[in-house]
Amino acid sequence: VQLQASGGGLVQPGGSLRLSCEASGIFFSISAMNWYRQAPGKERELVAAITSGGSTNYADFVKGRFTISRDNAKNTLYLQMNSLKPEDTAVYYCNARVLGSSWWGQGTQVTVSS
């Protein structure tokens, strides 16, 4: 199983980034997919989740700014991040859960700074 996250980088406050997570080796279309993040010195926290049926859920601190989506034909998970704030700076991880198992990607760094 591989979850390859990409799309991170340095962006100014108010800017946008789109993260991608390409999955292989799992039944992507039936997997619940999640984005987590971990800032230095902090616990890893759930950012957004999407079920196999497309239902979404967001942490309060990203509601209205981030959008999670998936393309089952491409086995890819996305996170569109708008109106970024310095406090969004973290390593972002994709996570897949299916059939009682959970897998993590390697993470992609997002830095929001002027």
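**Strands and their partners**

Guide: Let us begin with a turn: E9 and E10 form a hairpin with two residues between them, and Leu99 in the turn has a positive phi of about 50°. Please note that this is a predicted model, in which local features need pLDDT of at least 70 and side-chain atom pairs count only at pLDDT 80 or more, while totals for chains, interfaces and linings use all residues. Residues are numbered from 1 along each chain as its sequence is written, and side-chain values use heavy atoms, with hydrogens and water left out.

Visitor: What do labels such as E9 stand for, and how many bridges join E9 to E10?

Guide: Strands (E, at least two residues) and helices (H or I, at least four) are DSSP runs, numbered from the N terminus. Two strands pair if DSSP finds at least two bridges between them. Here four bridges join E9 to strand E10, residues 101-104, and the two run antiparallel. As an example, Val98 has Ser101 of E10 as its bridge partner.

Visitor: Which other strands pair with E9?

Guide: E4 pairs with E9 in the antiparallel sense, over seven bridges. In that pairing, Arg37 stands opposite Tyr92 of E9. Strand E11, residues 108-112, is also antiparallel to E9 and is joined to it by three bridges. There, Ala90 stands opposite Val110 in E11.

Visitor: How many residues of E9 are buried?

Guide: A residue is called buried under 20% relative accessible area, exposed over 50%, and partly exposed in between (1.4 Å probe, protein chains only). Strand E9 covers residues 90-98, and seven of these nine residues are buried, so the strand is largely enclosed by the rest of the structure.

Visitor: Which residues form a disulfide, and where in the chain do they lie?

Guide: A disulfide is a pair of cysteine sulfur atoms within 2.5 Å. By this rule the model has one disulfide. Its members are Cys21 and Cys94, whose sulfur atoms are 2.1 Å apart. The pair links distant parts of the chain, since Cys21 belongs to strand E3 and Cys94 to strand E9, 73 residues apart. The link is right-handed, with 60° about the S-S bond.

Visitor: Is Cys21 buried or exposed, and what of Cys94?

Guide: Cys21 counts as buried, because its relative accessibility is 0%. Cys94 is likewise buried, with a relative accessible area of 0%.

**Salt bridges**

Visitor: How many salt bridges are counted, and what defines one?

Guide: Side chains of opposite charge can pair when their charged atoms come close. For a salt bridge, a side-chain nitrogen of Lys or Arg must be within 4 Å of a carboxyl oxygen of Asp or Glu. The count comes to four salt bridges.

One of them joins Arg37 to Glu45, with the closest N and O atoms 2.9 Å apart. Arg37 is buried at 6% relative accessible area, whereas Glu45 is partly exposed at 31%.

Another joins Asp60 and Lys63, at 3.2 Å from N to O. Asp60 is exposed, because its relative accessibility is 65%, while Lys63, at 48%, is partly exposed.

Visitor: Which residue forms a salt bridge with Arg65, and how far apart are the closest atoms?

Guide: The partner of Arg65 is Asp88, and their closest N and O atoms are 2.7 Å apart. Arg65 lies in the loop between strand E6 (56-58) and E7, and Asp88 in the loop between strand E8 (76-81) and E9, so the pair ties together parts that are 23 residues apart in sequence. Arg65 is buried, at 11% relative accessible area, and Asp88 is buried as well, at 1%.

Visitor: Which residues are linked in a network of salt bridges?

Guide: The network links Arg37, Glu45, Arg65 and Asp88.
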